[in-house]
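Here are some notes to read alongside the structure. Keep the viewer open and look up each residue as you go.

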Amino acid sequence: MSDLPAPTAPDRPTRRRLGRSGVEVTPLALGTSGIAGLYTPVPEEQAYEAVRAALRRGIRHFDTAPHYGLGLAERRLGAVLRELPRDTYTVSTKVGRRLEPCDAGGDDLAHGFAVPATHRRVWDFSADGVRRGLEASLERLGLDRVDVVLLHDPADHEEQAFREAYPALERLRSEGVVGAVGAGMNETAMLTRFVRDTDVDVVLCANRHTLLDHGAATELLPAALDRGVSVLVGGVFNSGLLADPRPGVTYDYAAAPAALVERALRIKEAAERHGTSLRAAALAHSAAHPAVAAVLVGARSAAEVDDCADRFAEPVPDALWEDLRATGLL
């Protein structure tokens with residue numbers, strides 16, 4: 001695949017700049033935990049077809065991390081992207097978990113990925129760890145650079161992340177090694193600290209700006225807007241519940257509580273009454289705030305990518321939001 005496919009109409013999204021950096025991303029982006037075997041295995045060719053489908057639908061930003069499938073996400077993503085002109089897409093990856101080979105055997109399902117446990121994760125938010133982690137990611141991707149580097153889940157390493165890892169990212173940015181820097185995690189308080197106390201370009205907020213969780217709206221999103229920092233929103237479906245609400249589905253990577261399943265079903269019913277879908281409403285809600293530059297969808301197949309692209313383009317009437325607020329569902 002050497003030529004960039006033309007986006008399928010009407011999927012020709014405009015690009016949005018990340019903070020004050022020169023990096024621009026499409027408002028719909030592909031997260032790659034799914035193609036790395038999150039929860040269940042994903043065949044190699046299926047993963048490649050998911051990335052190709054994203055390109056076909058006009059998606060030009062891809063988010064990955066060493067954590068996803070013990071490097072499998074980076075390897076699979078790079079196998080497709082490195083056949084394309086480097087200036088036709090942008091990539092974000094993460095640092096903070098280095099991968100070291102191990103021979104323990106078994107699988108990685110304890111960390112959520114159905115892959116062989118060929119490596120172990122080592123938390124490392126030192127300056128040297130940031131550079132070593134980025135170098136290893138570039139090798140797995142097979143690329144000469146990435147556009148964005150994020151500190152990945154530094155909650156339990158907060159002071160080292162601010163004292164050592166973040167300044168290392170600033171140096172990489174000033175040297176022109178990367179275009180934009182930031183942090184990505186599931187909690188909002190520390191992301192808000194990054195926005196207010198550092199010169200990050202972007203933060204990735206997962207699972208906290210959704211139809212079911214409004215945690216980012218209180219402080220993070222207003223602070224980002226005030227400081228000119230862009231927000232990438234991940235987990236718009238709360239790891240499954242807002243994609244297909246039913247008993248047994250996951251919410252924040254664990255079994256969804258019955259009360260939340262019922263709430264999601266009520267939102268789904270309201271969306272359908274207004275002529276749209278729950279997935280379209282979930283994507284529209286997460287994308288609507290002016291601080292949000294892009295939403296990430298963790299599709300694991302071409303069909304899921306196409307569905308997300310279709311739902312992202314689907315009109316969501318204002319009357320739905322009014323209905324949800326009137327009934328206390330939003």
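1. Which residue forms a salt bridge with R196? Its partner is E219, and the closest N and O atoms of the two are 3.7 Å apart. R196 sits in helix 5 (residues 189–197), while E219 is in the loop between strand 12 and helix 6 (220–227), so the pair ties together parts that are 23 residues apart in sequence. R196 has a relative accessible area of 46%, which makes it partly exposed, and E219 is partly exposed too, at 43%. Bear in mind as you look that this is a predicted model.

2. Searching the whole structure turns up 33 salt bridges. Some share partners, and in that way R20, E170, R173, D199 and D201 are joined into one network.

3. Now find D147 and R86. They form a salt bridge whose closest N and O atoms are 2.9 Å apart. D147 belongs to the loop between helix 3 and strand 10 (148–152), and R86 to the loop between helix 2 (72–81) and strand 5 (90–95), so to speak two distant parts of the chain, 61 residues apart. Are these two buried or exposed? Both D147 and R86 are buried.

4. The largest pocket holds about 1200 Å³ of space. It is lined by 45 residues, and S33, L38, S239, Y253 and G298 are the closest to its centre. Helix 9 provides the largest share of this lining, 3 residues. By class, the lining has 16 nonpolar, 19 polar and 10 charged residues.

5. How big is the second largest pocket, and what lines it? Its volume is about 220 Å³. Among its lining residues are P66, H119, R132 and E139. Strand 6 (97–101) and helix 3 (127–141) each supply at least two lining residues, and helix 3 gives the most, with 5. The lining is made up of 4 nonpolar, 2 polar and 5 charged residues.

Note on methods. Residues numbered from 1 in each chain as written. Predicted model: local features only at pLDDT ≥ 70, side-chain atom pairs only at ≥ 80, totals over all residues. Heavy atoms only, no water. 1 Å grid on protein atoms, 1.4 Å probe; cavity = no way out; pocket = protein on both sides within 12 Å on 5 of 7 lines; lining within 4 Å. Points joined across faces, edges and corners; volume = space filled by probe spheres on them. Helix = DSSP H or I, 4+ residues; strand = E, 2+ residues; numbered from the N terminus. Nonpolar A, V, L, I, M, F, W, Y, C, P; charged D, E, K, R; others polar. Salt bridge = Lys/Arg side-chain N within 4 Å of Asp/Glu carboxyl O. Buried < 20%, exposed > 50% of the residue type's maximum accessible area, 1.4 Å probe, protein only.
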